[in-house]
Amino acid sequence: MNLTVLAASGQTGIALTRQALRRGHTVTAIARDPERIALPDSSNLRKVTGDVTDAAGIAAVVDGDSVVLSALGTDRAGILLAGARAVVAAGPRRVIWLGAYGTGKSAEVAGEGAGVLAEVLGDRLADKVEADNTVLAAGGTVFHAGMLADGPESPRRRTVGLDAAPPFDLGAKVSRETVAAAMLDEAEAPGFPGAVALPLAE
C-alpha cells in the first residue's frame, strides 16, 4: 500500500514508519524537518518536508491513492484541527488519526479519568475533539490511545470499539509500538471506518 505518515519525526510517527516499511508498504513520511526522521534511507521510503498549517503543501503530497496515518500531537491549540482539515481536503483514500482516550466521543465511557484529562489539556481539548470529528465525518478512523509509553509491541494487544472500552486508568500505559501496530492493522484491513477505536495492550 501507499501510506503517508504525518508527524513522522516524532516517536509514534517513527514507529509507524518503521513498522510500515517492515510490512512491505511504500511510505511517504512527512515532517517539518525530515532530517529528524531517524530511519535509514530505503527505496520504499520518501522523506518530505511538510507542515499541517500549509494545506496546499499537504495537498501536494497526499492524493486519492494515499492512506494517511497521523501521529500528530501538539502543545498549541488549533494545530490538530488545521491538520485534520488539510488532510481531509487533500482527498486521501482513508485517514487513520491518533487521538486521546477520554476526549470527545470516548469521554463518557472513560469515566472519571476524562475529567482529569480535560483539565490537563485546557484549551487544546476543543481542538482535539474538532479534529477527531473532522476525520470521523470523512469516514476515517480515530484511535483513542491511553497514556503512551516506550517499549515493545504488546504480544497480547487488541483493538476494540467504544462499546468494549475499559474505564480510563491514568496508571495504565500502552506502548507507541502497540499503537502503531494497531493503526497499521486498520490501514490493511479496515474494521472501524468512521468510528473511534481503542488500541489496548492486552
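Reader: Which residue forms a salt bridge with Asp-150?

Author: Arg-176 does. Keep in mind that this is a predicted model.

Reader: What makes the contact of Arg-176 and Asp-150 a salt bridge?

Author: The closest N and O atoms of the pair are 3.0 Å apart. The cut-off is a side-chain nitrogen of Lys or Arg within 4 Å of a carboxyl oxygen of Asp or Glu. Arg-176 and Asp-150 therefore qualify. In general, side chains of opposite charge can pair when their charged atoms come close.

Reader: Where in the chain do the two partners lie?

Author: Arg-176 is in helix H7. Asp-150 is in the loop between strand S7 (147-149) and strand S8 (158-161). The pair links distant parts of the chain, 26 residues apart.

Reader: Why is Arg-176 called buried?

Author: Its relative accessibility is 19%. Buried means under 20%, so Arg-176 counts as buried.

Reader: And why is Asp-150 called exposed?

Author: Asp-150 has a relative accessible area of 60%. Exposed means over 50%, so Asp-150 is exposed.

Reader: How many salt bridges does a search of the whole structure find?

Author: Nine. One of them joins the side chains of Glu-188 and Arg-23, at 2.9 Å from N to O. Glu-188 lies in helix H7 and Arg-23 in the loop between H1 and strand S2 (26-31), so this bridge ties together parts that are 165 residues apart in sequence.

Reader: Why are Glu-188 and Arg-23 called partly exposed?

Author: Glu-188 has 37% relative accessibility. Arg-23 has a relative accessible area of 29%. Partly exposed is the band between buried, under 20%, and exposed, over 50%. Both values fall in that band, so both residues get that label.

Reader: Which residues make the contact?

Author: From H1, the contact includes Gln-11, Ala-15 and Leu-16. From H7, Arg-176, Ala-180 and Met-183 are among them. The contact residues divide into seven nonpolar, three polar and three charged.

Reader: What makes Gly-13 a buried residue?

Author: Gly-13, in helix H1, has a relative accessible area of 1%. The limit is under 20%, so Gly-13 is buried. Leaving aside neighbours within four places in sequence, Gly-13 is in contact with Val-5, Ala-7, Ala-8 and Ala-71. Gly-13 and Ser-70 are 57 residues apart in sequence and 7.5 Å apart in space, C-alpha to C-alpha.

Reader: What is the phi of Ala-7?

Author: Phi of Ala-7 is near 65 degrees, a positive value in a residue other than glycine. Most residues other than glycine have a negative phi. Ala-7 lies in the loop between strand S1 (2-6) and H1.

Key: Residues are numbered from 1 along each chain as its sequence is written. This is a predicted model: local features need pLDDT of at least 70, side-chain atom pairs count only at pLDDT 80 or more; totals for chains, interfaces and linings use all residues. Side-chain values use heavy atoms; hydrogens and water are left out. Contact means heavy atoms within 4.5 Å. Helices (H or I, at least four residues) and strands (E, at least two) are DSSP runs, numbered from the N terminus. Ala, Val, Leu, Ile, Met, Phe, Trp, Tyr, Cys and Pro count as nonpolar, Asp, Glu, Lys and Arg as charged, and the others, Gly among them, as polar. Buried means under 20% relative accessible area, exposed over 50%, partly exposed in between (1.4 Å probe, protein chains only).
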